[in-house]
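Trainee: I am new to this structure and would be grateful for a close look at its charged pairs. Please take me through them in one connected account.

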Amino acid sequence: MHLSEITHPNQLHGLSIRQLQQIARQIRDKHLQTVAVTGGHLGPGLGVVELTLGLYQTLDLDRDKVIWDVGHQAYPHKLITGRYTNFDTLRQKDGIAGYLKRCESKFDHFGAGHASTSISAGLGMALARDLKGEKFKVASIIGDGALTGGMALEAINHAGHLPKTNLLVVLNDNEMSISPNVGAIPRYLNKMRLSPPVQFLKDNLEEQVKHIPFVGESLSPELERIKEGMKRLAVPKVGAVFEELGFTYIGPVDGHNLEELIATFQQAHQIPGPVLVHVATVKGKGYEIAEQDKVGYHAQVPFNLTTGKAIPSNKPKPPGYSKVFAHTLVKLAEQNPKIVGITAAMATGTGLDKLQAKLPNQYIDVGIAEQHAVTLAAGLASEGMRPVVAIYSTFLQRAYDQIIHDVCIQNLPVFFCMDRAGIVGADGPTHQGMYDIAYLRCVPNMVLMAPKDEAELQRMVVTGINHTSGPIAMRFPRGSGYGVPLMEEGWEPLEIGKGEILRTGDDVLILGYGTMVQPAMQTAEILSEHGIEATVINARFAKPLDTELIFPLAQKIGRVVTLEEGCITGGFGSAIAEALLDADIVVPIKRIGIPDLLVDHAEPNESKAALGLTTPQIADRVLHAFFKRELSTTIVSV
């Protein structure tokens, strides 16, 4: 059977080990060929091919439920659940999503883009099953570092308290998150991977007992207890910990041995209550380049399969925002030993790997544990340190209570640096950085800022470090800057809450925030070609607003437009509208940003066009709203 013929995972039933191995090779080939063209997550899926095939051999996927933690592990799952023929559309507009989506396939039982959710979701499904009196298996697959997330441990704690609730947890232990795993839990798991096989001791004991006269093939309950005692002696403490928490522990199992995997899962399904199968895998398995560089090949832009090198762009790009942020932070940290950079398993993505390399004592990776990262930073700040918490906008959502309870209520000077703010493209709804303006500006004591370009980002890093009277947050986008001149030192901090006028005009006031400042200037140029002159302000701060600058101009000009790359509900435009209303300044306002909908996976420019956020569309919307004129025949109504 060829992989292209498989449209339902139950078609794997009855295949021989040799046939399954052939399917495994085909999955890896298709996976590699696709990601080499489209870009996407590479190492995680390559590492779980045999795990997927072995588990699905033992399940009836018309009834049973499989929940994948962090859906980027599930590319093999997608390839055997009816998505082979259009897999080449991976992460492209209207194509196959890079994560699991319930609306994409009946076999995607739970959507996932953030880590540590699978055990909670699986336990919920198992409890619902039991309450409804139904009969099906539930398997939660967790890995790629997700076990370090507190939510996963909370779910394990709860599941272990329910000895009559059947739930299979499969731990895909590849020793990695995106960056190498950190912490005590991964260290204990590593002990287990390297420990002598427990099964050898048990099997050897049974063989010896069989030769005792009058015992033969029968094994008494006492002997079973002796076997379990031997297991206790042989298994490192982490295995015992899972069992003390109420799980039956099996492992570690070779995650690339199909025969062993199938036998183990069949055994696990026969055990009542919660069961944890510990599977040892190799991230990037089958592609040597990815096996050797597990961090670099966690995800890749389009690349050459033979060399593993990224396909070069047609023209050189300016440095990315993350790189400028990291370079500036390292320079400042060299001068100030109180600066400590904190990441949650995203060292390379945030650029903090540069700080780690240069000043390892001023760098902390907490693993996939954003809540802990924020409260850790609060503790550091309470002792006079200058913590810089570098977490993607979408992942900082996971620590919202800690932001309020541990940082803002105590008014501690923690500097939040939110990479990937705004539209991020191919990762889709779970990763779009849409909500940070809205979810942070409502919290007392928080200062919010966003740079118009990479040079202003440098000044904002200095501003954040120098701001010691409370918490402050900076958002910046994914990707390259504009190529503006950068400074190596001597950056001046910005005055908190002060914007700047970039252009003057008497017909309309355009307020841009962050990435939308440049489009604001371009919009003003288009409007000028149609006889309309705009004043453009780089707001810099969403909180506090520069009301001394904005209010007189709003009253004088009488037409206000706000531009932001974030959710329009409760965002920057809402802040402007509320401030004007509270000051009894009643003028027409047009808020332009992300409407109240989920932004699916696509190239950022494709998403912006669909949302009416390209410069011609913005100009069109302004003309239509205030001047009843049209730039084109199509009015964008978003």
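Is Asp 64 buried or exposed?

Mentor: The model is a predicted one, and Asp 64 counts as buried in it because its relative accessibility is 1%, where the limit for that class is under 20%. Its side chain meets that of Arg 63 in a salt bridge, with an N to O distance of 3.9 Å. Arg 63, at 40% relative accessibility, counts as partly exposed.

A further pair is formed by Asp 436 and Arg 475, whose side chains meet in a salt bridge at 2.7 Å, N to O.

Elsewhere, salt bridges link Lys 78, Arg 83, Glu 104 and Asp 108 in a network. The count of salt bridges comes to 28. As a general point, side chains of opposite charge can pair when their charged atoms come close.

For the nonpolar surroundings, consider the largest nonpolar core, which has 54 residues; Phe 416 and Phe 572 touch the most other members. At least three residues of this core come from each of domain 2 (321–475) and domain 3 (500–627). A second, separate core has 51 residues, including Leu 61, Ala 74, Tyr 84 and Ile 96.

Methods: Residues are numbered from 1 along each chain as its sequence is written. This is a predicted model: local features need pLDDT of at least 70, side-chain atom pairs count only at pLDDT 80 or more; totals for chains, interfaces and linings use all residues. Side-chain values use heavy atoms; hydrogens and water are left out. A nonpolar core is a set of buried Ala, Val, Leu, Ile, Met, Phe, Trp, Tyr and Cys residues joined through side-chain atoms within 4.5 Å. Buried means under 20% relative accessible area, exposed over 50%, partly exposed in between (1.4 Å probe, protein chains only). Domain bounds come from an automatic or database domain assignment. A salt bridge is a side-chain nitrogen of Lys or Arg within 4 Å of a carboxyl oxygen of Asp or Glu.
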